[in-house]
Amino acid sequence: MTHEDYMRQALDLAREAYEAGEVPVGCVIVKDGKVVGRGRNQREEKGSALSHAELEAIEDACRTLGGWRLSGTKLYVTLEPCPMCAGGIISARIPELYYGAKDEGFGACGSILNLFEENFRHHPKIVGHILEEECASLLQAFFSQVREKRPENLKLL
């Protein structure tokens, strides 16, 4: 399978999040060509600020592989990780990160800062812009829908 194939699986999870009323971000973690972790945003459903797609996928992969070190894995996520998720990637020792759309508001892989360039002992390889247009379009559609539904006096997320 190609990087695009794995990102399409992450996009499927992002679409599930969209349908559930969540910000549409999906993530898969791959080891030896097999998906070992899946996650999508579930902050609203779980009522938890920690329920980002990446952290959900990391937790799933840890259960699948039986430990917290995710050496030899690749993480595919539809949106550039935020600082919290980048920290989770570092902590889990994930060696490769592939993302779709840039996140100009919270991105920690180059948009706002690059957490992986700091003096941590682990520095994942980062590859961005995988199916970027598809990933960005899904997010734009979601936030356009949110803006249409909100009262004028409320600010967007």
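Modeller: His-129 is a place to begin, in the loop between strand E5 (125–127) and helix H5 (132–149), where helices (H or I, at least four residues) and strands (E, at least two) are DSSP runs numbered from the N terminus. This is a predicted model, in which local features need pLDDT of at least 70 and side-chain atom pairs count only at pLDDT 80 or more, while totals for chains, interfaces and linings use all residues. Residues are numbered from 1 along each chain as its sequence is written, and side-chain values use heavy atoms, with hydrogens and water left out.

Biologist: Why does His-129 count as partly exposed?

Modeller: Buried means under 20% relative accessible area, exposed means over 50%, and partly exposed lies in between (1.4 Å probe, protein chains only). His-129 has 46% relative accessibility and therefore counts as partly exposed; its phi is near 70°, a positive value in a residue other than glycine.

Biologist: What makes E3 a paired strand, and which strands are joined to E3 by bridges?

Modeller: Two strands pair if DSSP finds at least two bridges between them. E3 is joined to E1 by five bridges, and these two run antiparallel; five bridges also join E3 to strand E4 (residues 96–101), in a parallel arrangement. Within these pairings, Val-28 stands opposite Tyr-76 in E3, and Lys-74 has Glu-96 in E4 as its bridge partner. Strand E3 (residues 73–79) is mostly covered, with six of its seven residues buried.

Biologist: What makes the β-α-β unit of E3, helix H4 and E4 right-handed?

Modeller: A crossover is right-handed if, with the strands pointing away from the viewer, the path from the first strand over the helix to the second runs clockwise. E3, helix H4 (residues 83–91) and E4 make a unit of that hand. The buried residues of H4 pack against helix H3 (53–65), E3 and E4; they include Cys-85, Ala-86 and Ile-89. After H4 comes Arg-93, with a positive phi near 60°.

Biologist: Which residues touch the most other members of the largest nonpolar core?

Modeller: A nonpolar core is a set of buried Ala, Val, Leu, Ile, Met, Phe, Trp, Tyr and Cys residues joined through side-chain atoms within 4.5 Å. The largest one has 47 residues, of which Ile-29, Ile-58, Leu-70, Leu-75 and Ile-94 touch the most other members. Helix H1 (3–19), E1, E2, H3, E3, H4, E4 and H5 each supply at least two residues of this core. Beyond its neighbours within four places in sequence, Leu-75 has contacts that include Val-28, Ile-29, Ile-58, Ile-89, Ile-94 and Leu-97.

How values were computed:
Contact means heavy atoms within 4.5 Å.
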